[in-house]
Amino acid sequence: MLKKYHKKIILAVYIFLILTVVYHVKYANKIIPGVVIGSVDVGGLTEDSAVKKLSEKDKSLNKKLTLTYEDKSYEILDTQISFSYNWNSSIKRAYEVGRTGNLIVDTKDKFAGLIKSLYLAPYYDYDNKNLENELLRIK
């Protein structure tokens with residue numbers, strides 16, 4: 001009876017190891033499943049494919065900043081403050097998920113990505129001086 005129990009444990013360990021190897025081979029040069037930047041699912045994509053997908057999404061985004069105070073609204077356009085998403089940095093961060101070198105954190109992220117989304121905020125750049133000027137103009 002004990003021998004059957006040991007065989008089942010050994011079989012389960014082998015299956016787990018095989019699945020782990022398959023997972024790591026499949027996603028060796030890809031972002032792990034479940035990673036989402038902003039609202040775009042980039043899990044399972046290569047870095048180049050993810051940049052392309054995000055760049056396409058970027059074209060349809062409304063990038064104006066609307067400030068509301070009491071009954072007045074003010075809009076600042078992305079061009080006025082040189083706002084742009086830094087997709088390359090965002091993708092590099094997404095690629096690092098599950099690859100920090102910390103076995104516990106990486107394993108948790110890899111399992112979590114299989115059952116839920118791992119959301120990352122996109123990185124962006126803007127001209128702080130231009131933003132200050134626009135805020136002073138509104139004031």
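In what follows, a residue counts as buried when its relative accessible area is under 20%, as exposed when that area is over 50%, and as partly exposed in between, with a 1.4 Å probe and protein chains only. By that scale Leu-61 is partly exposed, with a relative accessible area of 30%. The model is a predicted one, in which local features need pLDDT of at least 70 and side-chain atom pairs count only at pLDDT 80 or more, while totals for chains, interfaces and linings use all residues. Residues are numbered from 1 along each chain as its sequence is written, and side-chain values use heavy atoms, with hydrogens and water left out.

Helices and strands are named here as DSSP runs, numbered from the N terminus, a helix being H or I over at least four residues and a strand being E over at least two. Helix 1 covers residues 2–26 and contains Lys-4, a residue that is exposed at a relative accessible area of 59%. Between the C-alpha atoms of Lys-4 and Val-36 there are 44 Å, although 32 residues separate the two along the chain.

Further along, Leu-45 sits in the loop that joins strand 2 (40–41) to helix 2, and its relative accessibility of 22% makes it partly exposed. Leu-45 is 12 residues from Pro-33 in sequence, and the two are 8.4 Å apart in space, C-alpha to C-alpha. If contact is taken to mean heavy atoms within 4.5 Å, then Leu-45 touches Lys-30, Ile-31, Ala-50 and Lys-53, leaving aside residues up to four places away in sequence.

Ala-50 also takes part in the packing of helix 2 against helix 3. Helix 2 (residues 47–59) and helix 3 (residues 87–96) pack at an angle of about 135 degrees, and their axes are 10 Å apart; the axes are lines fitted to C-alpha atoms, for helices over the stretch in contact, and angles run from 0 to 180 degrees between N-to-C directions. Angles under 35 degrees count as roughly parallel, over 145 as roughly antiparallel, 65 to 115 as roughly perpendicular and the rest as oblique, and helix 2 and helix 3 are therefore oblique to each other. On the helix 2 side the contact is made by Glu-47, Ala-50, Val-51, Leu-54, Ser-55 and Asp-58, which meet Trp-87, Asn-88, Ile-91, Lys-92 and Tyr-95 of helix 3. The residues of this contact comprise six nonpolar, two polar and three charged, where Ala, Val, Leu, Ile, Met, Phe, Trp, Tyr, Cys and Pro count as nonpolar, Asp, Glu, Lys and Arg as charged, and the others, Gly among them, as polar.

Helix 3 also holds Ser-90, which is buried at 2% relative accessibility. A polar atom of the Ser-90 side chain lies 3.0 Å from the backbone oxygen of Asn-86. Not counting residues up to four places away in sequence, Ser-90 touches Ile-37, Pro-122 and Tyr-123.

Most residues other than glycine have a negative phi. Glu-70, in the loop between strand 3 and strand 4 (72–76), has a positive phi near 55 degrees, and at 67% relative accessibility Glu-70 is exposed. Ser-82, in the loop between strand 4 and strand 5 (84–85), likewise has a positive phi near 55 degrees, whereas its relative accessible area of 41% makes Ser-82 partly exposed.

Leu-61, with which the account began, lies in the loop between helix 2 and strand 3 (65–69); its C-alpha atom is 21 Å from that of Glu-134, and 73 residues separate the two along the chain.

Definitions and conventions
Polar contact = N/O pair within 3.5 Å; in protein donor to acceptor, adjacent residues only side chain to side chain.
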